[in-house]
Amino acid sequence: MAAYEEKKNSCGTVCLKYLLFIFNLLFWLSGGTVITVGLWTLVDKSDYISLLSSSTYSFAAYILIAAGAVVMLTGILGCCATIKENKRLLIVFFVLLLLIFLLEITAGVLAYWYYHELNDELRADLKETMVQKYQQPDQEHITRAMGKLQQDLKCCGSNSSADWQDGAWIHTVADRRLVPDSCCKTPTARCGVRDHPSNIYKVEGGCISKLEEFILQHLLILGAVGVGIAFLQILGMLFTCCLYQSLKEEPY
């Protein structure tokens, strides 16, 4: 009977080890995914970020990269703890999973708060950025960012195309253009002299609404990734507890 129980416990421990090892592999891959999303946000969307007055969005991207690195290291630690059946490492692994889980909840709350603050920030700052900095000396990054924003999101002006009439550029480099050429549906040299809807993008709410929608979509992507990783972490903590309990009592 004792031999049967020992065999049963041994089989249970082996199964838990395999489950936890598979979890750690998935967890490690999810860390790589988080790093990729963070780098994509910084590199591919860096021009958009320069138009935001606060650094919350870029700070969130750096947090993602750091979190992804921690997740990958934690996954490696979990593999070592599982293979060696080291109870001390299992405890450290469990604590790290719990801390990352709590950080994800905190990040989710901050992202929710930031989204609700985003609209006020954009309405207060985007038009001012356009009026004061577009095509002005030493503001090439703002000029490039606005051009890319209007072409990528198919919009014109902060609230409407009429906003460009208040810009400093209209009196200096516009050359009879009513809007920048990046507002045109088919950008060509000096196409902005005609601001008819057939020629330029006329979007209700302007680029503010488009940019807000763009950032919301990114937050939803980040949220979906976070929920997926959180689900994995809950499974990982359960497997870790079960494996810890199934191991024979050994001195540390």
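Author: Buried means under 20% relative accessible area, exposed means over 50%, and partly exposed lies in between (1.4 Å probe, protein chains only). This is a predicted model, in which local features need pLDDT of at least 70, side-chain atom pairs count only at pLDDT 80 or more, and totals for chains, interfaces and linings use all residues. Residues are numbered from 1 along each chain as its sequence is written, and side-chain values use heavy atoms, with hydrogens and water left out.

Reader: Is Cys 184 buried or exposed?
Author: The cut-off for buried is under 20% relative accessible area. Cys 184 has 0% relative accessibility, so Cys 184 counts as buried.

Reader: Which residue does Cys 184 join in a disulfide?
Author: A disulfide is a pair of cysteine sulfur atoms within 2.5 Å. For Cys 184 the S to S distance is 2.2 Å.

Reader: What is the handedness of the disulfide of Cys 184 and Cys 191?
Author: Look at the torsion about the S-S bond. It is about 115 degrees for Cys 184 and Cys 191, so this disulfide is right-handed.

Reader: How many helices are there in the chain?
Author: Helices (H or I, at least four residues) and strands (E, at least two) are DSSP runs, numbered from the N terminus. From the N terminus on, the elements run α-α-α-α-α-α. The chain has zero strands, and its helices number six.

Reader: What percentage of the residues of the chain count as buried?
Author: The chain has 252 residues. Its accessible surface comes to about 13900 Å², with 66% belonging to carbon and sulfur atoms; such areas come from the Shrake-Rupley method with a 1.4 Å probe, and for residues only the protein chains shown count as cover. The buried share of the residues is 40%.

Reader: What share of the contacts with a separation of 6 or more is between residues 24 or more positions apart?
Author: Contact means heavy atoms within 4.5 Å. Take the contacts in the chain with a separation of 6 or more. Residues 24 or more positions apart account for 70%.

Reader: How many residues apart in sequence are the parts that Cys 155 and Cys 207 tie together?
Author: A disulfide joins Cys 155 to Cys 207, with S to S at 2.1 Å. Cys 155 lies in the loop between helix H5 (140-153) and helix H6 (206-246), while Cys 207 lies in helix H6, so the pair ties together parts that are apart in sequence by 52 residues.

Reader: Where does Cys 183 lie?
Author: Cys 183 is joined to Cys 156 by a disulfide, S to S 2.1 Å. The link is right-handed, with 85 degrees about the S-S bond. The two cysteines are 27 residues apart in sequence, and Cys 183, like Cys 156, lies in the loop between H5 and H6.

Reader: What pattern do the disulfides of the chain follow?
Author: A search of the whole structure finds three disulfides. Count the bonded cysteines along the chain, and the pattern is 1-6, 2-3, 4-5.

Reader: Why is the sulfur of Cys 80 too far for a bond?
Author: Cys 80 is partly exposed, at 36% relative accessibility. The closest cysteine sulfur is in Cys 79, and it is too far for a bond because the distance is 6.9 Å.
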